[in-house]
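User: I am new to this structure and would be grateful for a guided introduction. Please take my questions one at a time.

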Amino acid sequence: MNSRKALGDRGEEAVAAALEKRGCAILERQYRCRWGEIDLIARDPAGVLCFVEVKTRSPGAIAAAR
């Protein structure tokens, strides 16, 4: 596994753990279809379906807010 993939996987795991801590159920991880991939699909405690795109940056990376 390359380091970029490993970093992304760690980021997705951290986000999934944070969502679960808030009471969300993780339904799918890295869901693939012909249009692309959805990192996480979750259901929140109120029953709302959430589609989550995770962007992980390496420590020290600078990202400009848009």
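Predicted model: local features only at pLDDT ≥ 70, side-chain atom pairs only at ≥ 80, totals over all residues.

Analyst: Residues are numbered from 1 along each chain as its sequence is written, and side-chain values use heavy atoms, with hydrogens and water left out.

User: Which pattern does the chain follow when read along the sequence?

Analyst: Helices (H or I, at least four residues) and strands (E, at least two) are DSSP runs, numbered from the N terminus. The chain holds one helix and three strands. Along the sequence, their pattern is α-β-β-β.

User: In which strand is the place of Phe51, and which residues form a nonpolar patch on the surface?

Analyst: Phe51 is located in strand E3, residues 49–52. A patch is made of residues with over 30% relative accessible area and no salt bridge, like charges being joined within 9 Å and nonpolar side chains (Val, Leu, Ile, Met, Phe, Trp, Tyr) within 5 Å. Accessible areas come from the Shrake-Rupley method with a 1.4 Å probe, and for residues only the protein chains shown count as cover. With about 290 Å² of accessible area together, the nonpolar patch is formed by Leu27, Leu49 and Phe51.

User: How many salt bridges does the count come to?

Analyst: A salt bridge is a side-chain nitrogen of Lys or Arg within 4 Å of a carboxyl oxygen of Asp or Glu. One of them joins Glu37 and Arg32, with the closest N and O atoms 3.2 Å apart. By this rule the count is four.

User: How far apart are Asp9 and Lys5 in helix H1?

Analyst: The side chains of Asp9 and Lys5 meet in a salt bridge, 2.9 Å from N to O. Asp9 is partly exposed at 23% relative accessibility, and Lys5 is partly exposed at 37%. Both lie in helix H1 (residues 3–21), about one turn of the helix apart, that is, four residues.

User: Which parts does the pair of Glu13 and Arg29 tie together?

Analyst: Glu13 forms a salt bridge with Arg29, and their closest N and O atoms are 2.9 Å apart. The two residues are 16 apart in sequence, so the pair ties together helix H1, which holds Glu13, and, on the side of Arg29, strand E1 (residues 25–33).

User: What is the nearest side chain of opposite charge to Glu12?

Analyst: Glu12 lies in helix H1. For charge, Lys and Arg count as positive and Asp and Glu as negative, with His and the chain ends not counted. Glu12 is buried yet has no salt bridge, and at 6.3 Å the nearest side chain of opposite charge is Lys5.

Notes
Buried < 20%, exposed > 50% of the residue type's maximum accessible area, 1.4 Å probe, protein only.
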